[in-house]
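Trainee: Hi! Could you walk me through this one? I'm new to reading structures.
Mentor: Happy to, let's look together.

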Amino acid sequence: MLFFWIKALHIFFMIAWMAGIFYLPRLFVYHAQTNNQDVRDQFKIMERRLWFFVTPFAVLTLIFGVILIYMHGRAWFAASMWIHVKLTLVIFIYGYHGYLYLQLKKFAKDIIPHSSRFYRFLNEAPVLVLFAIVALAVLKAF
């Protein structure tokens with residue numbers, strides 16, 4: 001029963017994390033579109049608060065994921081090709097998370113490094129990666 005609780009927590013924190021890192025680039029879109037400094041300052045507050053709210057979810061997702069792998073055992077990990085592909089994609093998502101942090105720091109300094117169109121793409125691109133991660137975890141095809 002403990003295994004299923006850990007799995008449920010892993011999934012819950014992953015969903016909360018993904019919601020946050022899908023919303024952050026959307027804030028970047030709106031931030032990049034405005035020239036009003038008061039509005040930019042408001043976006044900076046929203047972005048910073050969202051970042052500090054969502055980052056613990058990323059950490060908890062990782063912790064519960066590692067516990068799940070540990071509970072499955074070394075033999076399962078070595079024999080399950082799908083988990084290696086999934087973990088590669090997960091590393092990409094953590095890299096994406098880090099990239100969002102770098103963008104957040106630039107916005108905090110009133111540096112708008114890209115257009116709102118770029119941030120729209122940045123907002124939508126990881127959806128395919130998330131789909132692949134979920135499909136691998138559910139289907140365990142190979």
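Mentor: One term to start: a polar contact is a pair of N or O atoms within 3.5 Å; within protein, one must be able to donate a hydrogen and the other to accept it, and residues adjacent in sequence count only if both atoms are side-chain atoms. This is a predicted model, where local features need pLDDT of at least 70 and side-chain atom pairs count only at pLDDT 80 or more, while totals for chains, interfaces and linings use all residues. Residues are numbered from 1 along each chain as its sequence is written, and side-chain values use heavy atoms, leaving out hydrogens and water.

Trainee: So what does the side chain of Asn-123 lie 2.3 Å from?
Mentor: The backbone oxygen of Phe-22, which is 2.3 Å from a polar atom of that side chain.

Trainee: Is Asn-123 buried or exposed?
Mentor: Asn-123 counts as buried because its relative accessibility is 11% (buried is under 20% relative accessible area, exposed over 50%, partly exposed in between, with a 1.4 Å probe and protein chains only).

Trainee: Where is the place of Asn-123?
Mentor: In helix H5; helices (H or I, at least four residues) are DSSP runs, numbered from the N terminus.

Trainee: And which residues is Asn-123 in contact with?
Mentor: Setting aside neighbours within four places in sequence, Asn-123 is in contact with Phe-22, Pro-25, Arg-26 and Tyr-96. Contact means heavy atoms within 4.5 Å.

Trainee: New topic: which residues have the most contacts inside the largest nonpolar core?
Mentor: Trp-17, Ile-21, Leu-24 and Leu-100, in a core of 31 residues. Such a core is a set of buried Ala, Val, Leu, Ile, Met, Phe, Trp, Tyr and Cys residues joined through side-chain atoms within 4.5 Å. H1 gives the largest share of this core, twelve residues.

Notes
Helix = DSSP H or I, 4+ residues; strand = E, 2+ residues; numbered from the N terminus.
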